[in-house]
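Okay, thanks for coming, everyone.

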Amino acid sequence: MTRWGDFLTGHMKARGWNQAQLAGAVGVDGATVSNWINKTAKPKLEKVQPIATALGVPVVEVLVATELISEDELSVTRVVPDPDLLSDEELLHQLEKRMRQRRTEVIVPVAPAKIAGRVVNRASRRSQ
């Protein structure tokens with residue numbers, strides 16, 4: 001899935017929406033939303049504002065998610081939203097996203113092996 005697809009999926013999940021509901025809110029057909037999520041299709045510029053309105057996010061956030069413009073091009077620093085202003089669903093979505101990301105970042109240390117009563121560090125043995 002693309003960054004744009006992840007963005008849409010996350011916001012739909014936070015609202016409990018399916019693709020048809022997002023399509024209705026934006027004024028496009030379901031196939032268009034499916035292409036946005038599952039392929040590299042991006043919305044036409046005139047659909048950016050309706051998407052932002054439907055998802056309750058700033059237009060700039062949609063533009064960056066679609067990669068129509070980069071954060072560097074905007075010369076804007078990303079502001080972290082106040083957790084007290086997020087809905088429970090949005091908070092849970094963020095937590096799930098972070099846990100999923102950290103799961104892929106975890107490095108499992110190699111346990112030392114015992115050989116003839118001695119502890120041998122496997123990592124140092126491999127590098128020899």
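Some housekeeping. This is a predicted model, so local features need pLDDT of at least 70 and side-chain atom pairs count only at pLDDT 80 or more, while totals for chains, interfaces and linings use all residues. Residues are numbered from 1 along each chain as its sequence is written, and side-chain values use heavy atoms, with hydrogens and water left out.

The protein has 8 helices and 2 strands. These are DSSP runs numbered from the N terminus, with helices being H or I of at least four residues and strands being E of at least two. Going along the sequence, the pattern reads α-α-α-α-α-α-α-β-β-α. Of the 128 residues, 23% count as buried. Buried here is under 20% relative accessible area, exposed is over 50%, and partly exposed is in between, with a 1.4 Å probe and protein chains only. As for contacts, meaning heavy atoms within 4.5 Å, take those with a separation of 6 or more: residues 24 or more positions apart account for 50% of them.

Now the core. In soluble globular proteins, nonpolar side chains tend to be buried together. By nonpolar core I mean a set of buried Ala, Val, Leu, Ile, Met, Phe, Trp, Tyr and Cys residues joined through side-chain atoms within 4.5 Å. The largest one in this model has 20 residues, and the ones with the most contacts inside it are W4, F7, L8, L22, W36, I51 and V62. The elements giving two or more residues to this core are α1 (3–15), α2 (19–26), α3 (30–38), α4 (48–55) and α5 (59–65). Its largest share, 5 residues, comes from α4. If you pick out F7, it touches L55, V57, E61, V62 and A65, leaving out residues up to four places away in sequence.

On to helix packing. How are α2 and α3 arranged? They pack at about 115 degrees, with their axes 8 Å apart. The axes are lines fitted to C-alpha atoms, for helices over the stretch in contact, and the angles run from 0 to 180 degrees between N-to-C directions. So α2 and α3 are roughly perpendicular to each other. On the cut-offs, under 35 degrees is roughly parallel, over 145 roughly antiparallel, 65 to 115 roughly perpendicular, and the rest oblique. α2 passes α3 in a right-handed crossing; that is, the near helix is turned clockwise from the far one by less than a right angle, with anticlockwise being left-handed. Q19, L22, A23 and V26 of α2 make the contact with G30, V33, S34, W36, I37 and N38 of α3. By class, that contact has 6 nonpolar, 4 polar and no charged residues. For the classes, Ala, Val, Leu, Ile, Met, Phe, Trp, Tyr, Cys and Pro count as nonpolar, Asp, Glu, Lys and Arg as charged, and the others, Gly among them, as polar.

Next pair: α2 and α4 pack at about 120 degrees, axes 8 Å apart. That makes α2 oblique to α4. Here too, α2 passes α4 in a right-handed crossing. The residues involved are L22, A25 and V26 of α2 and P50, I51, A54 and L55 of α4. Those divide into 7 nonpolar, no polar and no charged.

Back to H11, as promised. Buried or exposed? At 15% relative accessibility, H11 counts as buried. Leaving aside neighbours within four places in sequence, H11 is in contact with L55, V57 and E61.

H93 is buried, with a relative accessible area of 15%, and it touches G10, K13 and A14, not counting residues up to four places away in sequence.

Last one: E90, also in α7, residues 88–105. E90 is partly exposed, at 21% relative accessible area. Leaving out residues up to four places away in sequence, E90 touches A14 and R15. Its C-alpha is 8.6 Å from that of G10, 80 residues away along the chain.
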